[in-house]
Amino acid sequence: MSVTTAPAVLDRDGLDALVTALVGQGRTVVGPTVRDGAIVLAELASADALPFGWGVELEAGRYRLVRREDGAAFAHSAGPQSWKTFLHPARERLWSADRTPEGHVSFTPEEPAAPDYAFLGVRPCDLRAVAIQDRVLTGGRYEDSGYGARRRRALLISVDCVEPGATCFCVSTGGGPAADPGYDLALTEVVDGDGHRFLVRVGSEEGARLLEAVPHRGADPATETTARASVDAARDRMGRSLPPVDLRALMGASLDAERWDDVAARCLTCGNCTMVCPTCFCVTTEEVTDLTGDHTERWQRWDSCFDLDFSYLHEGPVRSSGKARYRQWLTHKLSTWHDQFGTSGCVGCGRCIAWCPAGIDITEEVAALHTESETER
Ligand code: SF4
Ligand code: SF4
């Protein structure tokens with residue numbers, strides 16, 4: 001089979017065929033769809049389930065669906081979930097054990113559930129977040145075997161952003177609304193007088209084979225120009241930004257900043273920010289038994305540095321105040337993450353801003369820390 005690497009164009013029918021082809025290959029296709037008043041990520045049986053004609057309005061502590069006239073499917077920014085929901089699920093059984101009639105204990109390891117995922121509509125910020133979680137969960141001496149199994153089989157179809165949300169700030173974290181390499185296929189949605197279509201870039205052999213299997217045509221200059229202009233315009237319309245300073249150094253020098261008291265007075269330490277963050281990866285394990293005491297299971301579940309138990313050591317938590325826990329989260333995310341993993345832990349998706357019940361805005365907190373550090377000079 002010949003491999004197509006030049007940009008191509010899929011029409012709406014081509015998008016339908018793409019999802020049908022993926023389902024036909026036995027893949028579990030996951031993408032955005034409208035449910036419960038939000039655009040969530042869920043299994044898609046067909047492209048019809050995509051949120052055609054829906055956009056979102058975002059602000060600190062606020063998320064609303066809005067209707068769009070143009071019928072676009074991907075003109076919305078990050079929703080309440082990220083792809084870690086599927087690659088690094090909130091709960092996962094690691095093993096179980098049973099008492100045998102002879103009084104011994106027999107252990108049964110759990111095979112990780114690893115469907116052949118196809119993720120459709122991965123935002124550029126989320127593509128970077130997946131790369132960060134790859135480094136964290138598979139890049140060290142000990143791999144998270146469940147994550148690794150799912151990740152190696154997953155096919156990623158990214159979508160460039162042409163409609164950034166008011167809480168987005170990917171550009172100031174070193175990213176942007178166009179997908180960096182790491183995708184199998186990258187789409188840019190174009191809706192204009194010439195119709196509804198998707199410019200496609202190929203990022204892998206598997207992506208090329210998939211494109212070959214669906215109706216498509218070579219990219220025409222008008223579609224390429226419109227797609228590029230839309231993404232460039234999105235780059236200039238970011239809703240927010242982080243201060244253009246060395247954040248790693250700023251956070252390191254802000255340990256005793258007064259701003260921590262200010263944010264601690266507002267923070268509920270609910271941990272929502274860590275749950276929605278596409279790069280937060282912390283887990284804990286717990287044992288559960290049945291009522292007979294003959295069967296026990298070990299589960300891994302997401303944990304949060306906002307939880308008091310997270311830093312429990314001997315007779316108490318190391319970070320007992322909300323101030324210490326918020327400072328830990330932000331300092332790790334923007335500073336010490338570099339020491340551990342070689343990058344920042346923030347990709348600027350804005351989820352922690354929109355889904356914080358107290359409307360705490362990471363960009364505002366960092367700007368305040370920067371102002372305080374400048375004032376003290
Ligand atoms: S910053 Fe907001 S989301 Fe995060 S723990 Fe505090 S109140 Fe909850
Ligand atoms: S810290 Fe906030 S903006 Fe940054 S990646 Fe996490 S959720 Fe997104």
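Okay, let's start at ligand 2: there are 13 residues around it, and the ones that come nearest are C277, C346, C349, G350 and C352. As for where that shell comes from, the elements giving two or more residues are helix 10, which is 322–341, and helix 11, 351–354. By class, the shell around ligand 2 splits into nine nonpolar, two polar and two charged residues. Keep in mind, by the way, that this is a predicted model.

Now ligand 1. Around that one you'll find C267, L268, T269, C270, G271, N272 and C273, then F306, Y326, C356, P357 and I360. This shell has nine nonpolar and three polar residues, and no charged ones.

Next, helix 8, residues 259–266. Which of its residues are buried? They're R259, W260 and V263. If you look down the axis of helix 8, those buried residues fall within an arc of 100 degrees, so they line one face of the helix.

Let's move to D160. You'll find D160 in the loop between strand 9, 155–159, and strand 10, 185–192. Is D160 buried or exposed? Its relative accessibility is 3%, and the cut-off for buried is under 20%, so D160 counts as buried. What does its side chain do in there? The D160 side chain makes a polar contact with the side chain of R201, at 3.0 Å. Leaving out neighbours within four places in sequence, the contacts of D160 are R123, P124, P177, A178, A179, L187, T188, R201 and V231.

Last topic, the aromatics. The count is 14 aromatic pairs. One of them is Y63 with W355, a tilted pair, 4.9 Å centre to centre with 35 degrees between the planes. This pair links distant parts of the chain: Y63 sits in strand 5 (62–67), W355 in the loop between helix 11 and helix 12, and they're 292 residues apart. Y63 is buried, at 8% relative accessibility, while W355, at 24%, is partly exposed.

Then there's F281 with F341: the ring centres are 5.7 Å apart and the planes are at 90 degrees, so this pair is edge-to-face. Here F281 is in the loop between helix 9 (272–276) and strand 13 (283–289), and F341 is in helix 10, 60 residues apart. F281 is buried, at 15%.

And finally, W83, F86, Y117 and F119 form one aromatic cluster.

Methods. Residues numbered from 1 in each chain as written. Chains lettered and ligands numbered in written order. Predicted model: local features only at pLDDT ≥ 70, side-chain atom pairs only at ≥ 80, totals over all residues. Heavy atoms only, no water. Near = heavy atom within 4 Å. Helix = DSSP H or I, 4+ residues; strand = E, 2+ residues; numbered from the N terminus. Nonpolar A, V, L, I, M, F, W, Y, C, P; charged D, E, K, R; others polar. Buried < 20%, exposed > 50% of the residue type's maximum accessible area, 1.4 Å probe, protein only. Arc of directions from axis to C-beta. Polar contact = N/O pair within 3.5 Å; in protein donor to acceptor, adjacent residues only side chain to side chain. Contact = heavy atoms within 4.5 Å. Phe/Tyr/Trp six-rings, centres within 6.5 Å; stacked < 30°, edge-to-face > 60°.
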